[in-house]
Amino acid sequence: MPRVLAVTPYLRVTSHPYRDVLESAGLEVVFPAEGANLADPAVLIGQLHGIDAVIASTERYTPEVLAASRLRVISRTGVGYDAIDVPAATRRGVVVVITAGTNHHSVAESAIALLLGVYRGLPWRHYEVHTGRWTRRALPRLMGKTIGLVGLGRIGRAMVPRCQGLGLKVIAHDPLADAAFAASSGVRLCSLDELLAEADVVSLHLPACAENVDLINARTLGRMKRGSVLINTSRGALVDEDALVDALRSGHLMAAGLDVFKIEPLPLDSPLLKLDNVLMLPHIAGLDQESQEATAILAAQSIADLYQGRWPSECVVNGQLRGEWRW
Ligand SMILES: NC(=O)c1ccc[n+]([C@@H]2O[C@H](COP(=O)([O-])OP(=O)(O)OC[C@H]3O[C@@H](n4cnc5c(N)ncnc54)[C@H](O)[C@@H]3O)[C@@H](O)[C@H]2O)c1
C-alpha cells in the first residue's frame, strides 16, 4: 500500500477527515519520527525512505532530497511553494500541488489586523497600559488613505473589499492582474514605482520566487512615501530586513506589520524586536480554524485524486506533467 508522510504538525492525529480521504483511497498515513528536525536535509531524506507522497509543511525539497526519494507527489498545506525546487521536481516527475483557495480569507484578515494594529499604534499603546506610562500620542487616521497591493492574486483580491470597507482607495501592481476584476472593483492598476510613490500603505501579496527576492530593499523603500506603512503577510524573502530596520528607525516608514521573516522563528537578537513601531505575528496569517480544516482535506484529496487517476488542475503547480504522468 502506498505511504503518505503527513509532515504538517496539525495533521498528527489519529482520526480526521483528511485521513478518511487518504485511507478510503487505499493509502496509508504515517508521520515523521517525533522530534525529527526536517530542516536538516539528511533527516528529511531519512524520513522520506519508503514514502510515495508527502503532505508538506515548510521543509525544503532540494534536488538532493528529491533525488534520494521515490516521491510521486508533494502536497503543500498552503499556497506558497518556495521551499520546493519545482523545476527539479518536474524533471523527476514529482507532481507539486498546493491548497489553492483555502486560506486567502485568513491571510486577508491577518493583513487587515496588522494594518489596523500599526495604524492605531497597538504595539506600543498596549505596552503603555502594561507599564502605566500613558503618552496618548495621536496617530494618523486610516480612512481616506491609499493602499497599494503588490500582487492581485487570490489574497490580493480578497484584500480589496476589506480595504474598501475601511474607506481606503485601492491601487495594485501585478503583471498578470485580472484586468476585468480590477475594473469592476474600482482598483487602479499601475507600475510598482507608481504604487510605491502613491501608497500610504504597501501590502505584499506575491510569491517569493527568485526574481522577487528583496523586492523591498533600500531603493524601493526609499521610493515609498515618508510616514507610510509596510505590511508583509507573504514571505520574508521579499524584504531586505536590514533596509527595513533602517527605514523604521529613521522614521521614513511610520510602521510595519510582519507575519513572515527572512529566518523563522525570528532570531531573538533581531533588531526588529527592538522597535516599537513593528507589529509581528509568528507566520500564522494563513491559519484559522476553517482554513486549517479545509487545507488538510484538500491536501489529502489532491493526493487521492492523483492516486486514482484524476488530475486536480486547480491545485497543480507543475501542470506540464499532465498527460504523461503516472503514479
Ligand atoms: N503568511 C502566510 O501564512 C501565508 C499564507 C498563504 C500565502 N502566503 C503567501 O502569499 C503569497 C500569495 O498568495 P496567493 O494565494 O495570493 O497567490 P496567487 O498565486 O493567487 O497570487 C500571487 C500574485 O502575485 C503576482 N506576482 C508575481 N510576481 C509579482 C511581482 N513581481 N509584482 C507584482 N505581482 C506579482 C502573480 O501574478 C499573482 O497574481 C504566496 O505566494 C505565499 O507566499 C502566506
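Why is Trp-134 described as exposed? Trp-134 counts as exposed because its relative accessible area is 59%, where exposed means over 50%, buried under 20% and partly exposed in between, with a 1.4 Å probe and protein chains only. The model on the screen is predicted, so that local features need pLDDT of at least 70 and side-chain atom pairs count only at pLDDT 80 or more, while totals for chains, interfaces and linings use all residues. Residues are numbered from 1 along each chain as its sequence is written, and side-chain values use heavy atoms, with hydrogens and water left out.

Stay with Trp-134, which sits in the loop between helix 6 (122-131) and strand 6; helices (H or I, at least four residues) and strands (E, at least two) are DSSP runs numbered from the N terminus. Leaving aside neighbours within four places in sequence, Trp-134 is in contact (heavy atoms within 4.5 Å) with Glu-128 and Val-129.

Next, select the ligand and the 25 residues around it, of which Ile-155, Asp-174, Asn-212, Asp-259 and Gly-286 come nearest; a residue is near if one of its heavy atoms lies within 4 Å. A polar side-chain atom of Asp-259 lies 2.8 Å from a ligand nitrogen atom, whereas a backbone N or O atom of Ile-155 lies 2.9 Å from a ligand oxygen atom, and a backbone N or O atom of Gly-286 is likewise 2.9 Å from an oxygen atom of the ligand.

From Ile-155, move along helix 7 (residues 154-165), whose buried residues are Ile-155, Gly-156, Ala-158, Met-159, Val-160 and Cys-163. Their cover includes helix 5 (104-119), strand 6 (146-150), strand 7 (169-173), helix 8 (179-185) and strand 9. Just after helix 7, Gly-167 takes a positive phi of about 85°.

Of its 31 residues, Val-202, Leu-204, Leu-230, Leu-244 and Leu-272 touch the most other members. Two or more residues each come from helix 9 (192-198), strand 9 (201-204), helix 11 (241-250) and strand 11 (253-258), and the largest share, 5 residues, comes from helix 11. Centre on Leu-244, whose contacts, leaving aside neighbours within four places in sequence, include Leu-221, Leu-230, Val-239 and Leu-272. A second, separate core of 28 residues includes Ile-112, Leu-142, Ala-158 and Met-254.

Note on methods
A polar contact is a pair of N or O atoms within 3.5 Å; within protein, one must be able to donate a hydrogen and the other to accept it, and residues adjacent in sequence count only if both atoms are side-chain atoms. A nonpolar core is a set of buried Ala, Val, Leu, Ile, Met, Phe, Trp, Tyr and Cys residues joined through side-chain atoms within 4.5 Å.
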